[in-house]
Amino acid sequence: MFGIFRKKKKNVESQSTAIEQEQNQETKEHENNAEKQQEIKKGFLTKALEKTVNNLKSIVPKKQEKIDFDTVEEILIEADVEYDVIEIIMDKLPKQITRVQLREKLISLFEIAPDANSSNLPTPFIELIIGVNGAGKTTTIAKLANMYKENDKTVLLGAGDTFRAAAIEQLTKWANKLDVPIIKTKQGHDPSAVAYDTISSAVAKKINHVIIDTAGRLQTQTNLANELKKIVKVCNKAYDGAPHQKLMILDGTQGNTAIAQAKAFDEMVGVDGIIITKLDGTAKGGALFSISNQLKLPIFYIGVGEKATDLIPFDPDEFVDKLLDGIYL
Ligand SMILES: Nc1nc2c(ncn2[C@@H]2O[C@H](COP(=O)(O)OP(=O)(O)OP(=O)(O)O)[C@@H](O)[C@H]2O)c(=O)[nH]1
Ligand SMILES: [Mg+2]
């Protein structure tokens with residue numbers, strides 16, 4: 001009798017050991033995956049900043065422990081940091097500047113850190129994508145949709161750039177490729193109506209994320225401003241509090257000219273955060289310092305290529321370290 005109990009107990013013990021082993025294995029796999037993701041992310045950032053870092057290396061070919069004041073200033077100019085911001089960085093720095101000293105100054109320019117709490121988002125979470133023509137809005141929508149999908153969230157796209165037929169086609173192609181639904185209309189129709197229909201459909205279907213495209217250029221700035229204001233108003237009518245995020249897409253190759261664009265959009269409808277695209281195609285990566293400092297807006301992501309997977313969360317520490325790794329020991 002006791003033997004049976006002991007046997008049963010043994011069975012239970014060996015079963016629970018097997019479960020524990022399985023759980024350990026899962027935890028290990030999870031950790032390995034997280035490590036792999038981290039490595040991939042680092043690789044992406046290296047690729048994205050290659051041109052900028054090479055540009056800095058042309059000024060400081062051999063890595064150093066200290067770099068003199070004038071050379072640091074030259075590096076910042078070469079990286080396309082705005083003059084006002086260079087003055088802020090150089091203020092009170094010594095004649096010979098260490099990595100730690102420069103790092104601290106550069107990091108402080110990104111003091112508006114993005115809000116990391118994404119666990120309590122409303123459903124649907126509605127994002128309106130704004131920015132000038134060719135900045136990378138539609139491609140970034142595809143990247144965001146892909147990222148949400150990878151996190152097991154449902155997505156609905158709204159083809160709110162009804163200004164050009166090609167814009168609707170381009171987003172439809174991405175939707176098909178990523179296998180996410182899209183709400184669209186004909187060219188020339190009211191983009192606010194598309195926004196309304198997209199949100200209503202997402203509410204009915206309990207979709208997690210709604211991403212709405214917009215046109216970057218209309219005949220005049222007043223037209224654009226009026227249209228965007230109307231879209232925002234209608235989003236709020238369709239779902240109280242929407243859009244939850246107005247994301248400004250800035251072309252990283254534009255350097256400091258992107259700042260003026262962003263200011264104009266911020267005045268039109270208010271911007272909650274920025275995504276910088278095409279960092280892979282520019283040696284002007286230093287413009288991010290000016291963008292952050294001048295606009296006082298958080299940079300959420302950076303675009304590092306044309307594929308749906310070419311989007312990484314922006315991390316100021318990693319960004320600054322990658323730049324300094326090129327010139328400091
Ligand atoms: N290298 C690179 N190219 C990008 C990136 N993001 C977008 N592009 C390219 O930039 C071009 C314009 O991108 P779109 O997404 O069409 O830009 P848009 O803002 O929607 O443009 P409009 O609809 O014309 O206003 C395309 O050829 C994209 O493939 C990026 O991060 N890196
Ligand atoms: Mg577009």
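The model is predicted: local features need pLDDT of at least 70, side-chain atom pairs count only at pLDDT 80 or more, and totals for chains, interfaces and linings use all residues. Residues are numbered from 1 along each chain as its sequence is written, while chains are lettered from A and ligands numbered from 1 in the order in which they are written.

**Overall fold**
- The protein chain holds 11 helices and 10 strands; these are DSSP runs numbered from the N terminus, with helices being H or I of at least four residues and strands E of at least two.
- Of its 329 residues, 39% count as buried, meaning that 20 or more other C-beta atoms, placed from the backbone, lie within 10 Å of the residue's own.

**Around ligand 1**
- Ligand 1 is surrounded by 20 residues, and the closest are Gly136, Lys137, Thr138, Thr139 and Gly303; a residue is near when its C-beta atom, placed from the backbone, lies within 6 Å.
- Helix H5 (residues 137-150) gives the largest share of this shell, 3 residues.
- By class, the shell has 3 nonpolar, 11 polar and 6 charged residues, where Ala, Val, Leu, Ile, Met, Phe, Trp, Tyr, Cys and Pro count as nonpolar, Asp, Glu, Lys and Arg as charged, and the others, Gly among them, as polar.

**H5 against H6**
- H5 packs with helix H6 (residues 165-178) at an angle of about 20 degrees, their axes 10 Å apart; axes are lines fitted to C-alpha atoms over the stretch in contact, and angles run from 0 to 180 degrees between N-to-C directions.
- That makes the two helices H5 and H6 roughly parallel, since angles under 35 degrees count as roughly parallel, over 145 as roughly antiparallel, 65 to 115 as roughly perpendicular and the rest as oblique.
- On the H5 side, the residues that meet H6 include Thr138, Ile141 and Ala142, and their partners in H6 include Ala167, Gln170 and Trp174; contact means C-beta atoms, placed from the backbone, within 7 Å.
- This contact has 7 nonpolar, 3 polar and 1 charged residues.

**H4 against H11**
- Helix H4 (residues 99-108) and helix H11 (residues 316-325) pack at about 140 degrees, with axes 10 Å apart.
- H4 is therefore oblique to H11.
- Arg99, Leu102, Arg103, Leu106 and Ile107 of H4 make the contact with Pro316, Asp317, Val320 and Leu324 of H11.

**Gln64**
- Gln64 sits in the loop between helix H1 (2-57) and strand S1 (66-68).
- Leaving aside neighbours within four places in sequence, Gln64 is in contact with Ile327, Tyr328 and Leu329.

Definitions and conventions:
Two residues are in contact if their C-beta atoms, placed from the backbone, lie within 7 Å. A residue is buried if 20 or more other C-beta atoms lie within 10 Å of its own, exposed if 12 or fewer, and partly exposed in between; C-beta atoms are placed from the backbone.
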